[in-house]
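Colleague: Before I use any of the labels attached to this model, I would like to go through them with you and see what stands behind each one.

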Amino acid sequence: MTEGGRRIGVLIIDDDDDARVAVRALLQSSDDFDIVGETGEGAEGLFLARQLEPDLVLLDYMMPFLNGRQVADLLREQTPGSRIVAFSGHLDRAPDWADAYFVKDRVATLPEFLRDVMDRAAPGT
């Protein structure tokens with residue numbers, strides 16, 4: 001949980017329906033996270049991020065129309081307080097556009113990883 005016992009607000013942006021379902025179920029089983037929104041499309045993710053101001057955005061890299069890098073660049077401008085986690089099965093290393101990087105095939109360890117991300121320095125540092 002964040003300071004003061006508040007749950008961590010997470011926005012999931014991933015065009016893979018199965019991945020979103022799995023992540024949602026996993027994070028909802030923890031008292032630390034609140035799924036504030038989810039979408040399979042980058043432009044809608046930007047809209048939701050502006051409306052919801054999540055603590056953390058779990059962002060897929062390979063998406064149609066706007067990829068993770070493009071969405072992340074816009075998120076930095078529009079919701080600078082949100083930490084961005086690149087969530088990918090395609091990237092082989094941490095991208096420069098994200099605060100952290102998580103490989104999809106390790107999804108069982110995602111809650112602990114996200115708690116660690118929230119404990120780190122502010123986004124963009």
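Colleague: What makes Phe 102 count as buried?

Modeller: Phe 102 has a relative accessibility of 5%, and buried means under 20% relative accessible area, with exposed over 50% and partly exposed in between (1.4 Å probe, protein chains only); Phe 102 therefore counts as buried. Please keep in mind that this is a predicted model, in which local features need pLDDT of at least 70 and side-chain atom pairs count only at pLDDT 80 or more, while totals for chains, interfaces and linings use all residues. Residues are numbered from 1 along each chain as its sequence is written, and side-chain values use heavy atoms, with hydrogens and water left out.

Colleague: Why is the pair of Phe 102 and Phe 113 called tilted?

Modeller: Rings of Phe, Tyr and Trp (its six-membered ring) pair if their centres lie within 6.5 Å, and planes under 30 degrees apart count as stacked, over 60 as edge-to-face and the rest as tilted. The centres of Phe 102 and Phe 113 are 5.0 Å apart and their planes stand at 50°, so the pair is tilted. It links distant parts of the chain, with Phe 102 in strand E5 and Phe 113 in helix H4, 11 residues apart. Phe 113 has a relative accessible area of 18% and is therefore buried. Ring pairs also bring in Phe 87, which forms a cluster with Phe 102 and Phe 113.

Colleague: And what makes the pair of Tyr 61 and Trp 97 stacked?

Modeller: Here the rings are 6.0 Å apart, centre to centre, with 20° between the planes, and by the ring rule just given that is a stacked pair. Tyr 61 sits in the loop between E3 and helix H3 (68-78), and Trp 97 in the loop between E4 and E5, 36 residues apart. Tyr 61 is partly exposed at 23% relative accessible area, whereas Trp 97, at 5%, counts as buried.

Colleague: What is meant by the largest nonpolar core, and which of its residues touch the most other members?

Modeller: A nonpolar core is a set of buried Ala, Val, Leu, Ile, Met, Phe, Trp, Tyr and Cys residues joined through side-chain atoms within 4.5 Å. The largest such set has 19 residues, and Val 10, Leu 56, Val 85 and Leu 114 touch the most other members. The elements that give two or more residues to this core include strand E1 (8-13), helix H1 (17-28) and helix H4 (110-119), where helices (H or I, at least four residues) and strands (E, at least two) are DSSP runs, numbered from the N terminus. H4 gives the most, with 5 residues. Apart from this core lies another, of 17 residues, with Leu 48 and Trp 97 among them.

Colleague: How do you know that the buried residues of H1 lie on the same side?

Modeller: The buried residues in H1 are Ala 19, Arg 20, Val 23 and Leu 27. They cover an arc of only 95° around the axis, which puts them on the same side of H1; the arc is that of the directions from the helix axis to the C-beta atoms. An α-helix has 3.6 residues a turn, so residues three or four places apart point the same way. In H2 (residues 42-52), the buried residues are Gly 42, Gly 45, Leu 46, Leu 48 and Ala 49, and their arc of only 165° puts them on the same side of H2.

Colleague: What makes you say that Asp 16 caps H1?

Modeller: A side-chain oxygen of Asp 16 lies 2.9 Å from the backbone nitrogen of Asp 18, at the N-terminal end of H1. A polar contact is a pair of N or O atoms within 3.5 Å; within protein, one must be able to donate a hydrogen and the other to accept it, and residues adjacent in sequence count only if both atoms are side-chain atoms.

Colleague: Is Asp 14 buried or exposed, and which side chain does its own side chain contact?

Modeller: Asp 14 lies in the loop between E1 and H1 and, at 0% relative accessibility, counts as buried. Its side chain makes a polar contact with the side chain of Lys 104 at 2.8 Å, and a polar atom of that Asp 14 side chain also lies 2.8 Å from the backbone nitrogen of Asp 16.
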